[in-house]
Amino acid sequence: MQRFALMLAVVCVSATTTALAQDCSLSGTVGSGGSASAGGTSASSVGTAGACQTDNGTSSSIASGGGAATDGGKAMSNTHVNDNGDKLKARTKAQAVDKGTFSKSQTKTTTDGDSLESTTRTMSHVPGEKPVKSRTNQTIIPEEE
Amino acid sequence: MSIITKSLIVAAALLTAGHASAESITLDDGTVCTIIEGHSVTGGMSTSVTAGNGKVTSSTTTGQTASSSTATSSASSSSAGSASADSFSTASKTRADGSVVTKRSDGTCSITNPSK
């Protein structure tokens with residue numbers, strides 16, 4: 001009997017160091033995502049973050065999630081967020097493995113209120129073939145212009 | 001992520017921003033940006049990323065609304081038969097004049113000006 005495995009993980013967190021709602025003097029957002037598939041395996045992950053600076057402090061938010069699926073092997077997906085004041089880090093790993101065939105996707109997103117970065121790496125592999133990889137990254141520093 | 005998915009993301013961003021004009025400018029790093037006029041930037045800014053043939057999405061909105069920042073996320077998944085690996089990223093930044101510069105990893109870029 002064919003077995004189907006599916007794993008999902010999603011986490012979102014926001015950190016606010018100011019109590020007043022006012023215009024952002026500086027703001028920025030980043031995001032990255034990717035997907036990989038091979039044979040009967042598939043994995044994908046995404047992550048985004050944003051920061052808004054005001055005279056009274058910085059508000060930051062972060063979100064990340066992913067999923068993996070296979071029609072005969074094992075699938076796992078997990079997201080971890082580290083909230084340390086106005087410094088937020090999120091990492092999502094998604095992986096599906098069916099014997100020698102696998103698909104992976106990993107997204108790391110960080111913000112400390114001054115800079116934002118999101119990176120996604122994906123990889124798929126079929127035995128006897130060259131692995132297929134992809135990577136994307138965005139980094140911004142919402143400095144005064 | 002398929003080309004179609006990327007195209008949908010870009011199209012959605014442009015539709016959200018309003019009507020695109022033909023005018024473009026070149027940034028310091030050589031990136032050519034299309035200028036989008038007539039969009040009101042009163043609610044902050046947001047980034048949305050989609051992967052897995054549009055089945056996994058994550059979005060973050062940051063702005064000067066009531067709670068000053070919000071984050072939302074949702075996900076589901078699907079499997080595909082052919083071997084592939086792809087990724088997509090985007091970054092947005094608000095400039096001092098209120099305009100928002102958005103760069104994407106597919107090479108597209110846009111500048112959204114605030115309504116006057």
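Author: Let us begin with a definition: two strands pair if DSSP finds at least two bridges between them, and strands themselves are DSSP runs of at least two residues marked E, while helices are runs of at least four marked H or I, numbered from the N terminus. This is a predicted model, in which local features need pLDDT of at least 70 and side-chain atom pairs count only at pLDDT 80 or more, whereas totals for chains, interfaces and linings use all residues. Residues are numbered from 1 along each chain as its sequence is written, and chains are lettered from A, with ligands numbered from 1, in the order in which they are written.

Reader: What makes E7(A) and E8(A) a pair?

Author: Strand E7 (residues 101-111) and strand E8 (residues 116-125) of chain A share 10 bridges in the antiparallel sense, and because a pair needs at least two bridges, they count as paired. Among these bridges, Lys104(A) has Met123(A) as its partner, and Ser103(A) has Ser124(A). In the hairpin of these strands, which has 4 residues between them, Gly113(A) takes a positive phi near 90°.

Reader: Which strands form the open sheet, and in what order?

Author: The order is E5-E6-E7-E8-E9 in chain A, with antiparallel pairing. Strand E5 (74-84) and strand E9 (132-140) of chain A are called edge strands because each pairs on one side only. E6(A) and E7(A), for their part, pair over 11 bridges.

Reader: How do you know that E7(A) is mostly covered?

Author: A residue is buried if 20 or more other C-beta atoms, placed from the backbone, lie within 10 Å of its own, exposed if 12 or fewer do, and partly exposed in between. In E7(A), 10 of its 11 residues are buried, so the strand is mostly covered.

Reader: Why is one group of residues called a nonpolar core?

Author: The name applies to a set of buried Ala, Val, Leu, Ile, Met, Phe, Trp, Tyr and Cys residues joined through C-beta atoms within 7 Å. The largest such core has 13 residues, and those with the most contacts inside it include Val30(A), Ala49(A) and Leu116(A). Its largest share, 3 residues, comes from E3(A).

Reader: What is Leu116(A) in contact with, leaving aside its neighbours within four places in sequence?

Author: Contact means that the C-beta atoms of two residues, placed from the backbone, lie within 7 Å. For Leu116(A), the contacts include Val30(A), Ala49(A) and Ile140(A).
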